[in-house]
Amino acid sequence: MGNQSIEEIIKEWDTSENGLSKDEAKKRLERDGRNELKAAKPPTIWQRIFEQLREPMTIILLVAMIVSMILREYSDVVIIACVILINLTVGLVQQGKAERALAALQKMSSPTALVRRDGVVEEIPSVELVVGDWVELEAGRIIPADLRLVETADLSVEESALTGESVPVQKDAKADIKEDATLGDRINMGFMSTIVTYGRGAGVVAGTGKGTEIGKISTMIESKGEELTPLQKRLADLGKILGIGTVMICLLLFGIAYLQDRDMVEMLMTAISLAVAAVPEGLPAVVTIVLAIGVQRMVKENSIVRRLPAVETLGAVSVVCTDKTGTLTQNVMSIRSVYQNQRLIPMGEAGVEANGDLIRGMVLCCDASVEGDHRIGDPTELALVDMGILMGVRKPDLEKEYPRVNERPFDSGRKLMTTVHQADFGFVAYTKGAVDVLLDRCISIQSDGEQRSITDEDRKIILDAASQMSKQALRVLALAKREDKEVEEESLIFVGLVGMMDPPREEAKSAVERLRKAGVATVMITGDHRDTALAIAKELGIAEREEQCMTGQEVEAVEAAELQSRVEKVRVFARVSPEHKVRIVEAFRATGKIVSMTGDGVNDAPSLKSADIGVAMGITGTDVAKNASDMILTDDNFTTIEKAVEEGRGIYHNIRKTVLFLLSSNLGEVVAMFTAIAVGLPAPLLAVHILWVNLVTDTLPALALGIDGKPRGLMEKPPRDPKASLFADGGGMNIILYGCLIAIGTLSAFYLVAKGVSPSLKIFEIRRMTEILSHPAYLMKAQTLAFSILALSQLMYATTMRDHAVSVFGSKLYQNRLMIFAILFGISAQVLVTEVPFFTQAFHTSPLSFKDWGIVIAVSLLPVAVHEIQVIGKRLFRNS
């Protein structure tokens, strides 16, 4: 609609300068609805509970609980129900905060609007605006809907939150705009929720509610559902594998039992035990707690994580897409260069005259003010006041010395502003504005305190200096003066130039370099101009060449497949719209990258939702961006992202150790149970024994592994492959090796007890061993011994999992106090359930002698012994 003339718009929407009639406005309100954004309905508590109960691990436990109930094994029912309840509670907490992005968008809507109806200007709630309404605009007003501007008088609008433009946009109702122009280039339009900073104007409402640009963003946010993180996908796959594996093992077990003519009720109980053994019941809770502890660590690094699984996703990030304004830059215009006395000088270097006319004139010829933290005025003029402060020239002091006596405000037609000041020598008028306009009005030039006539050569040198500044993406302002009381803008004396830009954050460059070394590419995505974006990118080391930059129009023109091939080399995207940002993020993701998107504006919200992990700015970020994100940076510092990536890698490393530890332990239980049944022996473990080990004995060591310190060199390696299995890099072999070792240790209990009864017993005399263990007392003792060896073996195994390449005795175990506590607590708890009468009845155990405990400890050290042999072997291999 920006490409239509004012007359066409008025005709299309059937309106006029008198506005709509109240009756017509009422009809349109009933037809189109209110000018507001409605938030999506969040899922109910029952829907969330149902989602949790659909997990494969939970389904296995539910089946086991139902079978136990049928067999009237009520103690097992209670224990399994408690397990399900704990995991359900943890899961609901993990889902946590409901989405509030659309609610935040609602808050951004202007509460009231000045509208003409029946020829009378009145103030109405903005929700009552309809298409065709004639809306009046003035400085300080929030634009209440999308408007096609019909009148503009020096109208400037702050659009950075929507478009990424770092300075207010000068609007022009009569501008001829192309149909494919980006949001930032539609200067004859006003957009909902942007702010009028200067001037006045009027516009016809062209879009309300969901039909506005803000409304389109809300629709994009609403349509983008939550996606699973790489770890969640791996754990979901693991749950399916365990579910299928459990069913197959139970079927195989029943087949063996049928062939052996065993009691089917007994086999049902054994099947329950096997099902319980196959499921690492504590895994969901342990993973959630480890992530939560990681979140607390990240708070200290100035990061607030809104969605727990996002912590782990950070460790797999291979592309960081970031907005420019306010993220890589300071979101404050700053003077970078000055042209003074016919020399181009970087700001801050020797040669800039603090007491010269250039600094004095620029500070006086503006309406901005800075007092402490209170900053009032246009960003461009604030930069001029900041320049004075940097040079020791304060505006209030200057205004006392040179009081303003006359002025001619800036307007877009002249592109100039003039102020007249009284001085000791009389009067001086300072004029600032566009270089080409101002230079045409100069007849003299001031250099090194002297004035002379300006020559064509002088003009060429000045224009060359301005061009040089422009190539560095600086916005250039010129200053001239005239020693006169009248506000005249002719026959001026040229003084100098200043070049300004929104500068990069000082620490961002080193963060970009550290991410590059870690195999993570930084990509700038901004609504700003190509030259500005590319200049900042070059300064930060993000891009080096022109061809590494792509504009929003170019993104629009290419198909998805071509965009996917081009994003591999492009590092800067300029003049992009919110839709373009989403396409870019999705193109990176389509190439297999894990993408983090960083931003602070409303325009960033859809891409924050589309990315694998969205990161919002905590200080400058809008509520919309924060609520669409997974993580918020409380210090708005790009460097924090690099620290968060490192923390994410460390958390994944620890979670993987935890998962491998728990699965090895569970495999040991399954192998021990299945092997015993397959060869004709009684079940070495009861369901209650396995639940105790999985929930009590294993959980604390697993947590201790989860909060272990980060290994060295994490940021010197490329990101992990998000599709890589948890069992990659030897993880699967590790599970099998140590699972079998734990199973051997557990099964050895049967042989040791039977051997104690019959010293001549050989290890493969299974039938004789079965006969001995058919005696209830011997069986209970054998199961108690197996139960205790299993529990302590897993405690000892946990100490080897901290670092596979380091001896347990050199791993500085004392640094992980929770691990020491877990081992001591696990041993104490095991003594409790085997020695205290109340617990021996509940767990069907019998007391063990000191000799028995000696056997338990000796056999339990088997995983540690094998680990030490592996470490020595690896060292010998490296040295050979």
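1. Let's begin with a pair that crosses: helix 26 passes helix 31 in a right-handed crossing. Please keep in mind that this is a predicted model. The axes of helix 26 (residues 638-678) and helix 31 (residues 776-800) come within 11 Å and cross at roughly 155 degrees. Angles over 145 degrees count as roughly antiparallel, so the two helices are roughly antiparallel to each other.

2. Which residues make that contact? On the helix 26 side they are Leu660, Phe661, Ser664, Ser665 and Glu669, and they meet Leu790, Gln794, Tyr797 and Ala798 in helix 31. By class, this contact of helix 26 with helix 31 has 5 nonpolar, 3 polar and 1 charged residues.

3. Helix 26 also packs with helix 11, at an angle of about 160 degrees and with the axes 10 Å apart. Helix 11 is therefore roughly antiparallel to helix 26, and this crossing too is right-handed.

4. From helix 11, the contact uses Leu283, Val286, Val287, Val290, Leu291, Gly294, Arg297 and Met298, while helix 26 brings Ala644, Glu647, Ile651, Ile655, Thr658, Val659 and Leu662. The residues of this contact divide into 11 nonpolar, 2 polar and 2 charged.

5. A look at helix 11 itself: its buried residues include Val290, Leu291, Gly294 and Met298. Just after helix 11, Asn302 has a positive phi of about 65 degrees.

Methods. Residues are numbered from 1 along each chain as its sequence is written. This is a predicted model: local features need pLDDT of at least 70, side-chain atom pairs count only at pLDDT 80 or more; totals for chains, interfaces and linings use all residues. Side-chain values use heavy atoms; hydrogens and water are left out. Buried means under 20% relative accessible area, exposed over 50%, partly exposed in between (1.4 Å probe, protein chains only). Helices (H or I, at least four residues) and strands (E, at least two) are DSSP runs, numbered from the N terminus. Axes are lines fitted to C-alpha atoms, for helices over the stretch in contact, and angles run from 0 to 180 degrees between N-to-C directions. Angles under 35 degrees count as roughly parallel, over 145 as roughly antiparallel, 65 to 115 as roughly perpendicular and the rest as oblique. A crossing is left-handed if the near helix is turned anticlockwise from the far one by less than a right angle, and right-handed if clockwise. Contact means heavy atoms within 4.5 Å. Ala, Val, Leu, Ile, Met, Phe, Trp, Tyr, Cys and Pro count as nonpolar, Asp, Glu, Lys and Arg as charged, and the others, Gly among them, as polar.
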